Amino acid sequence: MNKNEILKKAQKEKNDELEIQIRDQSMKWSYIAMVLVAFIFSVARSYQGLPIMDLPVTVCSSIFVGNIYRFIKTKNKGSFFVAIITFMVVIISLIRYFMGH
């Protein structure tokens with residue numbers, strides 16, 4: 001490999017890392033938006049006397065799947081912790097949903 005080939009390869013890898021970082025940040029903001037919108041709908045549905053526990057199940061299931069996948073691929077303990085917490089919220093919310101809340 002000559003110097004120009006090495007430089008081109010390094011620049012391509014840097015762009016790949018930037019794309020990965022941007023994708024990760026976009027997923028984080030998607031999660032935040034999903035949680036906020038679900039909260040707004042939960043409040044509105046609660047005032048109408050409608051059940052709201054399906055929204056936490058949906059949101060937390062999505063967050064659980066994303067974090068468990070990230071843990072499997074990276075072994076990041078923070079992702080595992082978030083996955084466990086959101087899984088517990090899914091279970092509790094499912095129970096409450098089927099109880100009519």
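Mentor: Start with helix α3, residues 77-98. Helices here are DSSP runs of H or I, at least four residues, numbered from the N terminus. Helix α3 has 22 residues and reaches 32 Å from first C-alpha to last, close to the 32 Å expected at 1.5 Å a residue. That expected span is 1.5 Å times one less than the number of residues.

A word on the source: this is a predicted model, where local features need pLDDT of at least 70, side-chain atom pairs count only at pLDDT 80 or more, and totals for chains, interfaces and linings use all residues. Residues are numbered from 1 along each chain as its sequence is written, and side-chain values use heavy atoms, leaving out hydrogens and water.

Now the faces. The buried residues of α3 are Ser79, Ala83, Thr86, Val90 and Ser93 (buried is under 20% relative accessible area, exposed over 50%, partly exposed in between, with a 1.4 Å probe and protein chains only). They cover an arc of only 95° around the axis, which puts them on the same side of α3. The arc is taken from the directions from the helix axis to the C-beta atoms. These buried residues pack against α2 (54-74), with contact meaning heavy atoms within 4.5 Å. The face turned away carries the exposed residues Lys77, Phe81 and Ile92.

Next, the ends. At the start of α3, a side-chain oxygen of asparagine 76 comes within 2.7 Å of the backbone nitrogen of glycine 78. Just after α3, glycine 100 takes a positive phi of about 100°.

Phenylalanine 87 counts as partly exposed, at 39% relative accessibility.

Definitions and conventions. Helices (H or I, at least four residues) and strands (E, at least two) are DSSP runs, numbered from the N terminus. A polar contact is a pair of N or O atoms within 3.5 Å; within protein, one must be able to donate a hydrogen and the other to accept it, and residues adjacent in sequence count only if both atoms are side-chain atoms.
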